[in-house]
Amino acid sequence: MSMVLFASVVRVGDGLPLSASTDYEMEKELQETKRHLKGLSRKLNQFPDRCTLKSGPYNVNFTSSLGVGYLMVCTANYPNVLAFCFLDELQKEFIVTYDPKRISSAVRPYSFIEFDTFIQKTKQRYNNPRSLSTKINLADMQTEIKLRPPYQLSPEDLQAINGFSVHTPSKYKGIAPTQMLEPVTLPGVISCVLSVLCGGLNLLRGVHAIESVLQNDDEDFNYVIAFFLGTAACLYQCYLFAYFSVWRNSKSFLAFALICLSNMYLYELRNVWQILFHVAVGAFMTLQIRLRQPLGKSPDYNV
């Protein structure tokens, strides 16, 4: 029989449990799956915002948004669409019911245990599909899952969760394939065009600098390096604007710092207005990267 067995709400930053459904199941495999869920809850910020973990006859599904994670255990044959509709309902109700400041200031586990009542009622509804036909829109969730399917956690991820691969570099330190960014705005497009223009100008000047070095031994080859570093920094900022990456904001700031340093070194080859233009474009691009957040994440999400 397909059904939802357990659900919990946790704070993403530190994994503090905020609420959970009452559970009387004592089956060994289910308890093992719940241990995986508990481990996941402490590391939600290391994974994309929608994931699925297969654990024997059970699945663990979770979503995260605005610093709060919503997790559930269901039987392996429970429909994926219903599972994420269930989590979506928990998310909407929790956001409406509790103030973000109260959530962030919670100290004790299960500070919002009264939310258990809503979890239990929703779980009962989702375990009786006939009662769902007029209350949820499956088509919308089916479309969303088709466009942005949940990331399937692997056995390696499970080992890392349980502490067996602590020193293994995380695979999420690149692009998270299921993480989508907010739609591009006009200022974002302008910043990308200007950044590409600056990169192109640096590349052109770098090529000319190489020609000068080949023709004159007295020319400083470091100018060539400075021009190409400026080019790389500009193009990398465009990449960070277009794609999700862990520590995205920090990387964009470092790229901006490289733009500033390269232009400071090139002060003898550029006038003040040219230097200000390159630095201003880099700053504008950095701001646009900061403003274009992953979908469902608050602005203070550190990526």
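**Strand pairing and helix packing in a predicted model**

E4 and strand E5 (residues 68-75) pair in the antiparallel sense over eight bridges. The model is a predicted one.

Q: Which residue in E5 does Val60 stand opposite?
A: E4 pairs with E5 in the antiparallel sense. In that pairing, Val60 stands opposite Val73.

Q: Over how many bridges do strand E3 and E4 pair?
A: Strand E3 covers residues 50-55 and runs antiparallel to E4. Leu53 stands opposite Val60 in E4. The number of bridges between E3 and E4 is six.

Q: Which residue takes a positive phi in the hairpin of E4 and E5?
A: The hairpin of E3 and E4 has two residues between the strands, and Gly56 takes a positive phi near 65° there. The hairpin of E4 and E5 also has two residues between the strands. With a positive phi near 55°, the residue in the E4 and E5 hairpin is Leu66.

Q: Are H9 and H10 roughly parallel or roughly antiparallel?
A: The axes of helix H9 (residues 248-265) and helix H10 (residues 272-291) come within 9 Å and cross at roughly 180°. Angles over 145 degrees count as roughly antiparallel. Therefore H9 and H10 are roughly antiparallel.

Q: How many charged residues are in the contact of H9 with H10?
A: Among the residues that meet are Arg248 in H9 and Arg290 in H10. By class, the contact has eight nonpolar and six polar residues, and the charged ones number two.

Conventions. Residues are numbered from 1 along each chain as its sequence is written. This is a predicted model: local features need pLDDT of at least 70, side-chain atom pairs count only at pLDDT 80 or more; totals for chains, interfaces and linings use all residues. Side-chain values use heavy atoms; hydrogens and water are left out. Axes are lines fitted to C-alpha atoms, for helices over the stretch in contact, and angles run from 0 to 180 degrees between N-to-C directions. Helices (H or I, at least four residues) and strands (E, at least two) are DSSP runs, numbered from the N terminus. Angles under 35 degrees count as roughly parallel, over 145 as roughly antiparallel, 65 to 115 as roughly perpendicular and the rest as oblique. Contact means heavy atoms within 4.5 Å. Ala, Val, Leu, Ile, Met, Phe, Trp, Tyr, Cys and Pro count as nonpolar, Asp, Glu, Lys and Arg as charged, and the others, Gly among them, as polar. Two strands pair if DSSP finds at least two bridges between them.
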